[in-house]
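Here is a short report on a protein model.

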Amino acid sequence: MTQRIASPQRGCDLPDGLLAVRAAEGDEDSFAVLVQRHNRSLLALARGMLGNPQDAEEAVQDAFVSAWRRLPEYRHSAEFSTWMYRITINRCLTMRRRRRPPPVPLDTVAEPATGDARSQPARSAEQDAATEALSRALAELDDGQRICWILRELQGLPYNEIAHVTRTSEQTVRGRLFRARRSLQEAMGPWR
């Protein structure tokens, strides 16, 4: 008897929809490919919402477990990634309700390189303080505005996909982004 060894490499070139169908039929290798493919972006989303890597990892792990169990319910009316964003956001919101949210870490946003090595300590301290201020300002946003801002500004999702993830209209997404940007602009006024 040969033992089947799970290999996430198998099926790497297949589209998410087909992998989800196979996973719903019990193909663990297909689900492993989906996990490998989407884990990084979901971790960034969860970290942006929860504020620390440990909670983010827990949220994403729970989201994938939930997705595995609910795969037969997945209707393919939205992209698999959109469905996973929704599950992850729901998990993060549940975790946030259990505790007060810490500031949102923004260290995943690339810092521009500086050419002057002598000014780096002062510049770095200023950058850290500005990042801390932005994190506090993000924590002050309501959940809907924060989710839209993270999905647009950190994840780069288009408005229509954010609308699918948040189960709202594009108009609502645009409104939330407008209010989030205006609030952040006001909060960051002293840093200009």
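## Helix, loop and cysteines

The model is predicted.

Helix α1 spans residues 16-24, and its buried residues are Asp-16, Leu-19, Ala-20 and Ala-23. These residues lie on the same side of α1, because they cover an arc of only 100 degrees around the axis. What packs over them? The cover on the buried residues of α1 includes α2 (28-50), α3 (53-70) and α4 (80-98).

Next, the loop residue. Gln-155 is placed between α6 (143-154) and α7 (159-166), in the loop. Is Gln-155 buried or exposed? Gln-155 counts as buried, because its relative accessibility is 17% and the cut-off for buried is under 20%. Its side chain reaches the backbone oxygen of Ser-41 at 3.3 Å. Leaving out residues up to four places away in sequence, Gln-155 touches Ser-41, Ala-44, Leu-45, Tyr-85 and Ile-150.

Now the cysteines. A disulfide is a covalent bond between the sulfur atoms of two cysteines. How many disulfides does a search of the whole structure find? The search finds zero. Cys-92 is buried, and Cys-148 is buried too.

| Residue | Relative accessibility |
|---|---|
| Cys-92 | 0% |
| Cys-148 | 0% |
| Gln-155 | 17% |

How values were computed: Residues numbered from 1 in each chain as written. Predicted model: local features only at pLDDT ≥ 70, side-chain atom pairs only at ≥ 80, totals over all residues. Heavy atoms only, no water. Helix = DSSP H or I, 4+ residues; strand = E, 2+ residues; numbered from the N terminus. Buried < 20%, exposed > 50% of the residue type's maximum accessible area, 1.4 Å probe, protein only. Polar contact = N/O pair within 3.5 Å; in protein donor to acceptor, adjacent residues only side chain to side chain. Contact = heavy atoms within 4.5 Å. Arc of directions from axis to C-beta. Disulfide = S-S within 2.5 Å.
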